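Hi,

Have a look when you get a minute.

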Amino acid sequence: MQQVKAVVARAKGAPVELVTINVPAPGPGEAVVKVQACGVCHTDLHYREGGINDEFPFLLGHEAAGVVESVGEGVTGVAPGDFVVLNWRAVCGECRACKRGDLQYCFATHNATQKMTIAEGPDAGVELSPALGIGAFAEKTLVAAGQCTKVDPDARPAAVGLLGCGVMAGIGAAINTGAVTRGKSVAVIGCGGVGVAAIAGSALAGASPIIAVDIDEKKLEAARGMGATHTVDSSQVDPVEEIKRICGETYQGAEGADVVVEAVGRPETWKQAFYARDLAGTVVLVGVPTPEMTVPELPLIDVFGRGGALKSSWYGDCLPSRDFPMLVDLYRQGRLDLDAFVTEEIGIEEIEAAFDKMHHGDVLRSVVVL
């Protein structure tokens, strides 16, 4: 057992606190990781606001990279000293998805068995719920060893750690879920961190045109920097008609984009995505809706008549052991600009301020560097 500093959300909507926590020595199948960098993701804010569940107190943070400090009995995939990106899809190998070969859909992913706890004060000994089974707004964290993906140790932690959630979700939504390839047209609605990553993934795959849609010029500028060939300010024009116009000019007869990635998670924008795709096109929902949201007035004949596919993308349908090393290699080769996602590096005590910047759309990612 060792004690480290960490950021905890004690109650719904309350500001996060920097506290001392207990990190157990790793048990069988577990690893302790010294965290070097962790992105501030909107999912952490969802946890703080009680939007995920009410299992407070939460140990926040999950987009992280660091060095394995120690491992428990039976761990062979990583060793002390390995540089790793943490993931929340440590596949079990035994569930029905894994047994049919769809490891990216694993329904029983592993987390550490032991619990980290608050070390001091009236809550001493209270167990913490780590965000997405990771809890990396901490100097060190305890995870299942399968949550550690070994990557090139020369990579910048602040950049590659973002593959742990948002960047992977966006790139994967395009490449894995949407099956974007050369010769396909893509539109991305919502150009926050995940949407811009979907644009980067589409550019990697050779798609054209790549259309970015948002109401914020700063976000549209970021999208251009990551490979968008066209941008649409949906506060000024009808995005559906504009996507159709652009695609029709590129491919004669096209009635929309081959793949439309919805990265907002709202019924209005999902409906725009539905009608902005070409016949037999694909809609990919990667933006996370809230439970009460519904899609009203969508005629079933339109679902049938337009054909194609309506898909949800879970974590970019990624397999960390396959995708993380490949994307880090592309980053090291200069073909994927992960550094562009890092708007600022901050200290662990600045996370609450980073949430405010996220609200105002001022950052793609604030990254805590430890």
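A word on element names before anything else: helices (H or I, at least four residues) and strands (E, at least two) are DSSP runs, numbered from the N terminus. With that naming, β17 (344–346) and α11 (351–359) each supply at least two residues of the lining of the largest cavity.

Some housekeeping. This is a predicted model, where local features need pLDDT of at least 70 and side-chain atom pairs count only at pLDDT 80 or more, while totals for chains, interfaces and linings use all residues. Residues are numbered from 1 along each chain as its sequence is written, and side-chain values use heavy atoms, with hydrogens and water left out.

**Cavity and pocket**

The search works on a 1 Å grid over the protein atoms alone: a cavity is a set of points where a 1.4 Å probe fits but cannot get out, a pocket is an open set with protein on both sides within 12 Å along at least five of seven lines, and lining residues have an atom within 4 Å of a point. Grid points are joined across faces, edges and corners, and a volume is the space filled by probe spheres set on the points.

Searching the whole structure turns up 1 cavity of 30 Å³ or more. The largest cavity holds about 30 Å³ of space, and its lining consists of E344, I346, E350, A353, A354 and K357. The biggest share of that lining comes from α11, with 3 residues. By class, the lining has 3 nonpolar, no polar and 3 charged residues (Ala, Val, Leu, Ile, Met, Phe, Trp, Tyr, Cys and Pro count as nonpolar, Asp, Glu, Lys and Arg as charged, and the others, Gly among them, as polar).

The second largest pocket has about 260 Å³ of space. It is lined by 16 residues, of which A90, V91, G146, C148 and S321 are the closest to its centre. Two elements give two or more residues to this lining, β10 (148–150) and α10 (320–332). The lining of the second largest pocket splits into 9 nonpolar, 6 polar and 1 charged.

**Helix packing**

Two packed helices are described by the angle between their axes and the distance between the axes. Axes here are lines fitted to C-alpha atoms, for helices over the stretch in contact, and angles run from 0 to 180 degrees between N-to-C directions. Angles under 35 degrees count as roughly parallel, over 145 as roughly antiparallel, 65 to 115 as roughly perpendicular and the rest as oblique. Contact means heavy atoms within 4.5 Å. A crossing is left-handed if the near helix is turned anticlockwise from the far one by less than a right angle, and right-handed if clockwise.

Take α4 (residues 166–177) and α5 (residues 193–205): they pack at an angle of about 45°, with axes 7 Å apart. That angle makes α4 oblique to α5, and their crossing is right-handed. On the α4 side G166, V167, A169, G170, I171, A174 and I175 take part, meeting V194, A197, A198, G201, S202 and A205 of α5. This contact has 9 nonpolar, 4 polar and no charged residues.

Helix α4 also packs against α10, at about 105° with the axes 12 Å apart. That makes α4 roughly perpendicular to α10. Here M168, I171 and N176 in α4 meet R322, D323, F324 and L327 in α10, a set that divides into 4 nonpolar, 1 polar and 2 charged.

The other pair is α7 (residues 239–250) with α8 (residues 267–276), at an angle of about 30° and with axes 9 Å apart. So α7 is roughly parallel to α8, and the crossing is right-handed. P239, V240, I243 and K244 of α7 make the contact with Q272, Y275 and A276 of α8.

Most residues other than glycine have a negative phi, and most peptide bonds are trans. Which bonds and residues are worth a look, then?

- F56 and P57 are joined by a cis peptide bond, with omega about 0°; P57 sits in the loop between α1 (42–48) and β4 (58–59).
- S208 and P209 are joined by a cis peptide bond too, with omega about -5°; P209 is in the loop between α5 and β12 (210–214).
- L132 has a positive phi, near 50°, and lies in the loop between β8 (129–130) and β9 (140–144).
- E297, not a glycine either, has a positive phi of about 50°; its place is the loop between β15 (277–285) and α9 (300–306).

Cheers
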